[in-house]
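Dear colleague,

I am passing on the structure below, together with some notes on what came out of going through it. Please read the notes with the model open beside them.

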Amino acid sequence: MDAATHRMTVTDHGRTVMTFTAGFGKPGFRTPSGTFRVLGKDTVITMTSCSAHITCNPRNPNYYVLTVHWAVRLTSSGVFVHAAPWDHAIGRADTSHGCIHLSTTDAHRFYDFSRTGDTVIVKNTGGFAGGPSGP
């Protein structure tokens with residue numbers, strides 16, 4: 001995944017099998033760059049800014065409670081690749097709280113293809129491991 005180009009390229013034994021447009025973390029919530037392993041997958045998960053240690057205050061503009069589909073977990077702190085049908089800037093701008101946004105169709109395809117333990121490389125995000133993260 002390359003935040004500089006807003007592209008996610010999925011390979012299988014060195015052969016490109018899928019390419020998607022993607023969205024990454026906005027300023028203050030940059031998606032971490034690095035090499036990750038798929039830790040798990042959820043067809044549906046509720047994500048909250050409180051559980052992501054961002055804010056528990058509903059008046060805060062970074063507050064959220066979202067039902068998210070096709071979520072592939074990359075970190076124990078809450079970085080996922082997931083469907084983000086509300087994000088109309090996928091491929092053009094970074095709007096998330098650290099997660100990697102895909103269209104619902106692309107997220108479903110990636111969810112079905114990925115397996116626990118798969119390697120995921122994220123680059124050019126400007127983020128570092130350990131920062132706040134969420135949808």
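Trp 70 lies in strand E5, where strands (E, at least two residues) and helices (H or I, at least four residues) are DSSP runs numbered from the N terminus. This is a predicted model, in which local features need pLDDT of at least 70 and side-chain atom pairs count only at pLDDT 80 or more, while totals for chains, interfaces and linings use all residues. Residues are numbered from 1 along each chain as its sequence is written, and side-chain values use heavy atoms, with hydrogens and water left out.

Trp 70 has a positive phi of about 55 degrees although it is not a glycine, and it is buried, with a relative accessible area of 19% (buried means under 20%, exposed over 50%, and partly exposed in between, with a 1.4 Å probe and protein chains only). His 6, in the segment before E1, also has a positive phi, near 55 degrees, and is buried at a relative accessible area of 12%.

Strand E5 belongs to an open sheet of 4 strands with mixed pairing, in the order E4-E5-E6-E7, pairing being counted if DSSP finds at least two bridges between two strands. The edges are formed by strand E4 (40-48) and strand E7 (100-102), each of which pairs on one side only, and the twist averages 35 degrees from one strand to the next. Helix H1 (residues 104-113) packs on this sheet, touching E4, E5, E6 and E7, and its direction makes about 40 degrees with that of E5; contact means heavy atoms within 4.5 Å, and the angles, which run from 0 to 180 degrees, are taken between N-to-C directions of lines fitted to C-alpha atoms, for helices over the stretch in contact. Strands E5 (residues 65-73) and E6 (residues 80-83) run antiparallel and are joined by 2 bridges, with Val 72 opposite Val 81 in E6.

Strand E3 (residues 34-37) runs antiparallel to E8 and is joined to it by 4 bridges, and Thr 35 stands opposite Ile 121.

What lies in the loop between E4 and E5? Tyr 63 is found there, partly exposed with a relative accessible area of 33%, and it touches Ser 49, Thr 55, Cys 56, Asn 57 and Pro 58, leaving aside residues up to four places away in sequence. The C-alpha atoms of Tyr 63 and Arg 73, 10 residues apart along the chain, are separated by 21 Å.

With kind regards
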